Structure formats: structure tokens, C-alpha cells
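Dear colleague,

I am passing on the structure below, together with some notes on what was found in it. Please look it over alongside the text that follows.

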Amino acid sequence: MVAVWGGFIALSSWTPANSYFNLTQQATDILIEFTVHNVSSQPERAILRLVLADSKDCKELECGDDLNLLERHYSFIPILDQQGKGQVFLPLESDFNPGKTFWLTGWTGVQANLQLDTDELKGYTLEIVLDNQLEIGEFAEGKIEISRLTAVTRRFLDENCILEEKIVFAPTKKNQFSHYQMLSNVEIDGCCTTCDADATCLFWFHDDTNKECYLMDHVDGKDLKVANTEDELTNIKAGWVDDPTKRGDYCKLCSCDESKRTIDCREKDLTFVPKTFDQSWTPRIIDLRNNPRLNFLGARSFAEVGDMLEEIRLPENISYISYRLFDGLDKLQKIVFQEEKEQAADGLNFVVDGLGGSFGDVCCTPLATRNSISFCDIQPGNDFVFQEFTSYPSAKRFKAVDKYRVFTQVASASPERCAIFCSFFRQCLYFQHTAKELFPTCTLLEDAGEEGAVFSRNSSDDYADDNMRIPAIVGGYPPHTRYTNQNARVLFFPEDRQLIVSSSSNFEATYEVYLGADPLRGSIWIE
């Protein structure tokens, strides 16, 4: 982006002829997802504007893009001064006076009924403008990528409810620690509110397809999964409750040493990091090692102690770290994993530089690197392998799933749901969906059996419908089977990652990087 004072850069989109957008059925907000690659060279002087063109009061047969015939409602979005990914929600509210998200300024267009009519929007304009504090001839430059602009229905959550992006909590077992409860016919806002009101609930996830809500007091590492299918990203939301009473105080749950400016939380059986810190000094080091049930670090978990935090020591069993964990930790210099750990944590969405970790068989793009931890931006797509007309007759059935009959009923709805259900369990390496019976079934399997996959498409019995179009049986396996059984990962040789050079080798050394299996889709990220 390059712009000079006195002008602006604009990009418009208009509906053809006498057509228009009608957003009255569902939309409450406009969602903009973006990445600021290069911040504005003139801080606090460049701003993004979204202008909605309302054609409700246009009396012409075809209003077209004639600005003189349309009401133009302006929004002002100050996002050009901070690098990185982000999103903004713009409520579809406007007024003739400033104060709402959109403002009918009267600078251009008409002023008809003085309200934003979302049932007849002719189009929109994206503008980047400079304010009048710059001198004539000065310019600003930067780079922003807008990846998504869409109308959405936004449900507002309780202020304690933190929604984590692209993560699924899938409770796989009950034990003496777990508080696990499933509620039916619950919307997402009610799911989190119920968790917030429950004295022991810290984590929740919601399945919008079946309106089911799951409440937990902690999540095991095996209960965590990245959401990387369209179904999961659209219908399943997960989060946690940022309640100071439930999370507790650092110095009450852990040992605080003012002289060393340290917080020692080792061996405290934490399921989440504490929240409050009511002391006159600021900690420099926090030690969370030897907490086997601490598997998850959510966005801004260290917000209350982060101003001067220089070092964080994490347990070896961490499975998920939000890339927004480090927001506001400007002084952070070092992240240490438990000493006994020889390899990186089995991270679902991150790897630790220098410890030889991998993302496993997932498709991703680089999201960010923060303090030696590289994060993966999981992209939606189909990483499951589906094999029509294929069964595994001698395979070992995964019986541990029998206690989760509610899940099994949901998973039986389709092969895709069956595959997702299988991916919740590391022991499930194959699945089989049968649609021939009166009630479809989903069977989870621990192996493919001695016979392996058996293909059969010989008669009408192999089809689920009279027209012989739908397979009666669909088998397949989830992404982690490719990782476990087919070595689908990035491999580096020599394995000790040491390159020895000497005069005998003319001070030259080589290394090899290759894939253990063919990727299903997408590209491979190697740094």
C-alpha cells in the first residue's frame, strides 16, 4: 500500500443490474480476517475503512454504482499499525451521528431514511486513507492482506468465556480426576455460561450440528485435537472459562519468592495456570514443570504476570499452546521444557526449535514463531482416507469406545463423522461406516486385521440404495494412522543433527531431508 495525503486507495464490489445483498436473515456482523505483513510507515496516520452502500431509498430502476444515489455508511478500522494476523467484527449498526460501528457521514451519497438497511445493500468499498496530520507530499506505505470478508451471525459469550481457535476437546475417558458432563439442546452461548456457573468446570466444547455441550474440569493430552476439517471448523467450538476463583492465585497455589522474583508451581497438580497475582513485585521466572495434568495453555494465560516475565518453564506433557499465549509478554526471553525431555513436546499445533519435533501428518502453513516455538496454522481440508466398498473383516474392534454411545450415534450419521470420531482416539487406526442397515453404524478399529482391507462391489448388496449409487460400506483411516503406520513425517539425517567437517572431507558436509510418506495434499513446510 502506498498513498499520499489528500487521497485514498479504494477497492469496490457492486452487485450487477438491479440485484443487491440481503443480510437480514442471519447476519449480525461483518467479519474481516486479515494479515498485516508490513505496518504503516506513518504510525497512527493510516486507517482502513469499510463503506457499505445502501440502495433501499434509490428510486431509479437500476441504481448501479452511482454514489449520488446511495446511502454510504462508513466504518473506521485502526489495524494497520500492528503486524500479524487478526480479525474484526463490525456490528451492522449505523447512525447519522457518530457512535455506532458504521456512520452515515454525509460526505458522499444521499441521506435518505438515515439508517442502514441491510436488506438492500448494493455493494461495499474498502478504503485506506491518511489523516490530515501529515504534510503535503508525505506518503505512507505498508502491506495488508485481507483473506476473508463476510457477513456472519455472531453469538455473544459470557465475558469469562474464552474461545480458542481450531481446537477440539474430545473427552475420551472418565477417571478419578475427570468431571465430565454432556448436555443436549444447548446453544454455544448457553454451553459456556453453564460451564462458567459450574463450580468445577474449566473447559467446554459445543457441537452445533447436534446442539450438544460438553463440560470438563480438565483436558487430558489425549482429549485434545486440532480442528482441520470443514465440519469441525464450522460446527465445533471449544474454549475455557477465565474465572479467577477457579484458576486461583499464584502465591496461594504455588511458592512465590520475592527476592528471586520467581513463582515455583512444580508438582502442584495444576490443570490450568493460576490467574491472580496480588503482590507489589513482578515475577521474572515462572516454573510449571512436573504438572502432568497441565496439557493446555490458552490465549493470554499469563496476562496478569506477564509485564516483566523473562522465562517460562513448561512441563513435558504440554499438547496445545495458543499462539496468542505470548501477547503482552514483551520481556520474555526464554522458554524451557522439562529437563528430562529429549525431544520436543508432542505438540498439536507447535514445534520447539532445536528439539527435533514435527507436526506429524497434518497440512499447515507457518503461522508465527515466538521465543523458539514455531506455530502451525492448520488449514481446513480432508486429511482422512476414505475407501468406498471397503471393509476390514478380521480387524480388532476398539471396544473402549462402547461407553460413549452418544458419540457413536452422532458418528454413525456419515462416513465423515465416523472418521472424525476415530481421530479423537489414538488407539483408533481404522474406521468402518455401514449404511446398509436400517440404522447406520460406525465401527472403530485398532488395526486392519490379518486380511487387511477387503474391497467388494459385486452385487446390489454392496450398495445402500436401490439405484446402486451409495456404497453400503466405507472404510478408511484418520491422519494419525499415516503418521503411526506409514512414517508420514519430515525426516532429517544424520539423526543426531551433527554435521562433522574436517580437512579430510575438504570441510564439506551433507544432510538429507525427505518425507517418510507421500503427502495427501498441500505443501510441506521445512525451515
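Which strands does helix α6 lie across, and at about what angle does the helix run to β31? Helix α6 (residues 415-423) lies across β29, β31, β32 and β34 and runs at about 150° to β31, where axes are lines fitted to C-alpha atoms, for helices over the stretch in contact (heavy atoms within 4.5 Å), and angles run from 0 to 180 degrees between N-to-C directions. Helices (H or I, at least four residues) and strands (E, at least two) are DSSP runs, numbered from the N terminus.

Please bear in mind that this is a predicted model, in which local features need pLDDT of at least 70 and side-chain atom pairs count only at pLDDT 80 or more, while totals for chains, interfaces and linings use all residues. Residues are numbered from 1 along each chain as its sequence is written, and side-chain values use heavy atoms, with hydrogens and water left out.

The sheet is open, with four strands in the order β29-β34-β31-β32 and antiparallel pairing (two strands pair if DSSP finds at least two bridges between them). Strands β29 (385-388) and β32 (441-445) stand at the edges with a single partner strand each, so one side of each has no neighbour in the sheet. Within the sheet, β31 (residues 430-434) and β34 (residues 473-477) are paired over four bridges, and F431 stands opposite G476 in β34.

Elsewhere, in helix α1 (residues 188-197), the buried residues are I188, C191, C192, C195 and D196. Seen down the axis of α1, they fall within an arc of 130°, so they line one face of the helix; the arc is that of the directions from the helix axis to the C-beta atoms. Of these residues, C192 forms a disulfide with C161, and C195 is joined to C201, S to S 2.1 Å. The torsion about the S-S bond of C195 and C201 is about -95°, so this disulfide is left-handed.

With kind regards

Notes: Buried < 20%, exposed > 50% of the residue type's maximum accessible area, 1.4 Å probe, protein only. Disulfide = S-S within 2.5 Å.
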